[in-house]
Amino acid sequence: MGISVGIIMGSQSDWPTLRKAAELLDELGVAYESKIVSAHRTPDRLWDYGRSAASRGLQVIIAGAGGAAHLPGMMASKTRIPVLGVPIETKSLGGLDSLYSIVQMPRGFPVGTMAIGAAGAANAGLMAAGILALHDAALAARLDAWRDALSASIPEEPVDD
């Protein structure tokens with residue numbers, strides 16, 4: 001099976017956050033690629049990536065960006081496959097700028113928007129796996145097992161530190 005998830009980011013500084021999506025996909029055995037695709041600094045790369053995504057076999061794109069955070073929305077305008085947006089936490093506004101930019105898409109170009117930062121990136125990995133699991137029974141079983149293990153790791157009663 002080929003690569004089915006693309007993880008793209010606006011810059012190298014976004015990778016520590018988006019690595020959380022990659023780690024979840026690794027854990028679930030989902031093949032992905034990771035690329036730097038800046039909406040502002042490499043627009044031709046963005047256009048090429050979006051136009052070729054479906055024909056290359058990608059089924060979901062996880063796009064993370066901070067600040068103006070145009071990458072997820074612009075990618076959604078260039079491809080029909082689902083785009084999951086991860087707002088990157090910023091120093092100036094804590095990621096609210098990224099969140100607002102990603103979540104406020106015009107009709108016709110939806111982006112599934114996750115929470116700000118690492119938790120959002122991890123959930124994007126899980127959401128991508130869930131989308132793929134709709135047509136992959138083996139992945140569905142791995143995802144169910146992962147969720148069962150998470151539930152089992154939560155104690156029933158609190159303990160003193």
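Thr17 lies in helix 1. Helices (H or I, at least four residues) and strands (E, at least two) are DSSP runs, numbered from the N terminus. The model is predicted: local features need pLDDT of at least 70, side-chain atom pairs count only at pLDDT 80 or more, and totals for chains, interfaces and linings use all residues. Residues are numbered from 1 along each chain as its sequence is written, and side-chain values use heavy atoms, with hydrogens and water left out.

Thr17 has a relative accessible area of 15% and is therefore buried. Buried here means under 20% relative accessible area, exposed means over 50%, and partly exposed lies in between (1.4 Å probe, protein chains only). Residues up to four places away in sequence set aside, Thr17 touches Val86, Ile88, Gly117, Ala118 and Ala121. Contact means heavy atoms within 4.5 Å.

Thr17 also belongs to the contact of helix 1 with helix 5. Two packed helices are described by the angle between their axes and the distance between the axes. For helix 1 (residues 15–28) and helix 5 (residues 118–133), the angle is about 35° and the axes are 7 Å apart. Axes are lines fitted to C-alpha atoms, for helices over the stretch in contact, and angles run from 0 to 180 degrees between N-to-C directions. Helix 1 passes helix 5 in a right-handed crossing. A crossing is right-handed if the near helix is turned clockwise from the far one by less than a right angle, and left-handed if anticlockwise. From helix 1, the contact takes in Thr17, Leu18, Lys20, Ala21, Leu24, Leu25 and Leu28. From helix 5 come Ala118, Ala121, Ala122, Gly125, Leu126 and Ala129. By class, the residues of this contact are 10 nonpolar, two polar and one charged. Ala, Val, Leu, Ile, Met, Phe, Trp, Tyr, Cys and Pro count as nonpolar, Asp, Glu, Lys and Arg as charged, and the others, Gly among them, as polar.

The strands form an open sheet of five, in the order 2-1-3-4-5, with parallel pairing. Strand 2 (32–36) and strand 5 stand at the edges with a single partner strand each, so one side of each has no neighbour in the sheet. Helix 1 packs on this sheet and touches strand 1 (5–9), strand 2, strand 3 and strand 4. The direction of helix 1 makes about 170° with that of strand 1.

Strand 4 (residues 83–87) has five of its five residues buried, so the rest of the structure largely encloses it. In a regular strand the side chains alternate between the two faces of the sheet. Val83, Gly85 and Pro87 point one way from strand 4, and Leu84 and Val86 point the other way. Strand 3 (residues 60–65) runs parallel to strand 4 and is joined to it by five bridges. Two strands pair if DSSP finds at least two bridges between them. Ile62 stands opposite Leu84. On strand 5 (residues 112–113), pairing with strand 4 is parallel over two bridges. There, Leu84 stands opposite Gly112, and Gly85 stands opposite Thr113.

Strand 3, helix 3 (residues 71–78) and strand 4 make a right-handed β-α-β unit. The chain then crosses from strand 4 through helix 4 (residues 96–103) to strand 5, again in a right-handed β-α-β crossover. A crossover is right-handed if, with the strands pointing away from the viewer, the path from the first strand over the helix to the second runs clockwise.

Helix 3 lies across strand 1, strand 3 and strand 4, at about 150° to strand 3. Its buried residues are Leu71, Pro72, Gly73, Met75 and Ala76. Their cover includes strand 1, helix 2, strand 3, strand 4 and helix 4.

Gly50 lies in helix 2 (residues 43–52). Gly50 counts as buried, at 2% relative accessibility. Beyond its neighbours within four places in sequence, Gly50 is in contact with Met75, Lys78 and Thr79. Gly50 and Ser77 are 27 residues apart in sequence and 8.2 Å apart in space, C-alpha to C-alpha.

Ser98 is placed in helix 4. Ser98 is buried, with a relative accessible area of 0%. Apart from neighbours within four places in sequence, Ser98 is in contact with Ala65, Gly66, Gly67, Ala69, Pro87, Ile88 and Thr90. Ala69 sits in the loop between strand 3 and helix 3. Ala69 is buried, with a relative accessible area of 3%. Phi of Ala69 is near 50°, a positive value in a residue other than glycine.
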